[in-house]
Amino acid sequence: PSTELVRKESITTPAGTFDTVVVEVKGFFGAHRTVWMVADKPGVYAQVVDHGTATDEADQTELTYVLTSVAAGG
């Protein structure tokens with residue numbers, strides 16, 4: 001697997017606007033995801049795009065997950 005820091009980007013989701021770090025994650029068997037990690041909230045993803053599996057013709061569907069809320073407190 002490989003991970004590549006691509007850029008910093010501001011992104012707006014239903015949960016708000018966040019400064020993020022965009023990372024390309026490529027895993028085993030051709031898995032590929034682009035992840036927008038919230039810069040000041042470790043472990044919180046504003047958006048994840050699953051690009052499917054490049055080596056599997058049956059798994060070419062792109063799925064997008066977007067942050068809709070952030071719980072207060074902790």
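Arg7 is partly exposed, at 37% relative accessible area; here buried means under 20%, exposed over 50% and partly exposed in between, with a 1.4 Å probe and protein chains only. Its partner in a salt bridge is Glu9, with the closest N and O atoms 2.7 Å apart. Glu9 is likewise partly exposed, at 26%. A salt bridge puts a side-chain nitrogen of Lys or Arg within 4 Å of a carboxyl oxygen of Asp or Glu.

This is a predicted model, in which local features need pLDDT of at least 70 and side-chain atom pairs pLDDT 80 or more, while totals for chains, interfaces and linings use all residues. Residues are numbered from 1 along each chain as its sequence is written, and side-chain values use heavy atoms, leaving out hydrogens and water.

The structure holds 2 salt bridges, and Arg33 and Asp50 form one of them, at 3.4 Å from N to O. This pair links strand 3 to strand 4 across 17 residues. Arg33 is partly exposed at 40%, whereas Asp50 is buried at 16%.

Now let's step back to the whole chain. You will find 0 helices and 5 strands, taken from DSSP runs (H or I of at least four residues for helices, E of at least two for strands) and numbered from the N terminus.

What lies inside? The largest nonpolar core has 8 residues, including Phe18, Trp36 and Leu67. Such a core joins buried Ala, Val, Leu, Ile, Met, Phe, Trp, Tyr and Cys residues through side-chain atoms within 4.5 Å. In soluble globular proteins, nonpolar side chains tend to be buried together.
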